[in-house]
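Here's a quick briefing to read alongside the model. Have the sequence and the 3D view open as you go.

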Amino acid sequence: IKPVSRSEIGMPDDAFVLCCVSRAIPDKGWAEAIEAVSLARQATGKDIRLILVGNGPVYDEYCHSGVPSFVYLAGFSENSVGFYAAADMGIMLTKFKSESFPLTIVDCLFAGRPYIATAVDEIRNMLATDRGPAGDVIELEKWEIPVDQAAQVIATYATNTDALTSTKEVVAEAANRYRIDVVVDQYVSI
């Protein structure tokens, strides 16, 4: 894992940084993530930042219309794990109805970072461990993202170091399920 340098992308070392790696389509929740971070910044007074990695129509639109100064648009990158490693947590507020098992969550866990996501298909199970979730899972409301609730979750992790630390402590347990040797052993046993 080669972390992206925060200084190279204009992120202060003392900021609380979230990272979303996904296709830049409306249902992947980029607009809602920006809104939630904005609300969390207002509520806490903390320097909370957001890295958006990926390409697609939403990325193209943001390149033309601009984004708030707390957002870094990375575009497509083959080093998604490195962007996650530069962040404090991963985030994806998806309402994509065909979401199933987003591998971007595995990348984030491999970077040693917990994840904030919406409860679509297998996401809750992906983050579950015997000691609690490796992050936080937010229920959709009639397939809409509850931005205020997402902002509260972000604010909690940005201001409560104990909550962040305890969540980080279970990341390795969640990530170990996806190590290739574990997957191969399970496949062979089947």
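Lys-142 sits in the loop that runs between E6 and H6. Its phi is near 55 degrees, a positive value in a residue other than glycine. Lys-142 is also exposed, with a relative accessible area of 81%; exposed means over 50%, buried under 20% and partly exposed in between, using a 1.4 Å probe and protein chains only. Keep in mind that this is a predicted model, where local features need pLDDT of at least 70 and side-chain atom pairs count only at pLDDT 80 or more, while totals for chains, interfaces and linings use all residues. Residues are numbered from 1 along each chain as its sequence is written, and side-chain values use heavy atoms, with hydrogens and water left out.

**Another positive phi**
- Asp-121 has a positive phi of about 45 degrees although it is not a glycine.
- Asp-121 lies in the loop between E5 and helix H5 (123–127).
- For background, most residues other than glycine have a negative phi.

**Overall build**
- The protein chain has 9 helices and 6 strands; these are DSSP runs (H or I of at least four residues for helices, E of at least two for strands), numbered from the N terminus.
- The radius of gyration of the protein chain is 16 Å, close to the 16 Å that the globule rule gives for 190 residues, so the chain is as compact as a globular protein of that length. That radius is taken over C-alpha atoms, and the rule is 2.2 Å times the number of residues to the power 0.38.
- Along the principal axes, the C-alpha atoms of the protein chain fill a box of roughly 50 × 35 × 35 Å.
- Of the 190 residues, 51% count as buried.
- Take the contacts (heavy atoms within 4.5 Å) between residues at least 6 apart in sequence: 66% of them join residues at least 24 apart.

**The sheet**
- What is the strand order of the open sheet? The 6 strands run E3-E2-E1-E4-E5-E6, and the pairing is parallel; two strands pair if DSSP finds at least two bridges between them.
- At the edges are strand E3 (71–75) and strand E6 (135–138), each pairing on one side only.
- From one strand to the next, the twist averages 20 degrees.
- Helix H1 (residues 30–44) packs on this sheet, touching E1, strand E2 (48–53) and E3, and its direction makes about 170 degrees with that of E2. Axes here are lines fitted to C-alpha atoms, for helices over the stretch in contact, and angles run from 0 to 180 degrees between N-to-C directions.

**Strands E1, E4 and E5**
- Strand E1 (residues 16–21) pairs with strand E4 (residues 89–92) in the parallel sense over 2 bridges, and Leu-18 stands opposite Met-89 in E4.
- E4 and E5 pair in the parallel sense over 3 bridges. Gly-90 stands opposite Tyr-115 in E5, and the bridge partner of Ile-91 in E5 is Ile-116.
- E4 is covered on both faces: Met-89 and Ile-91 on one side and Gly-90 and Met-92 on the other are all buried.
- Strand E5 (residues 115–118) is covered on both faces too, with Tyr-115 and Ala-117 on one side and Ile-116 and Thr-118 on the other all buried.

**Helix against helix**
- The axes of H1 and helix H2 (residues 57–65) come within 10 Å and cross at roughly 55 degrees. That makes H1 oblique to H2: angles under 35 degrees count as roughly parallel, over 145 as roughly antiparallel, 65 to 115 as roughly perpendicular and the rest as oblique.
- Trp-30, Ala-31 and Ile-34 of H1 make this contact with Val-58, Tyr-59 and Tyr-62 of H2.
- Helix H6 (residues 147–159) and helix H7 (residues 161–168) have axes that come within 5 Å and cross at roughly 95 degrees, which makes H6 roughly perpendicular to H7.
- Thr-156, Tyr-157 and Thr-159 in H6 meet Thr-161, Ala-163, Leu-164 and Thr-167 in H7.

**Phe-110**
- Phe-110 is found in helix H4 (residues 103–110) and is partly exposed, with a relative accessible area of 35%.
- Not counting residues up to four places away in sequence, Phe-110 touches Ile-1, Ala-175, Tyr-178 and Arg-179.
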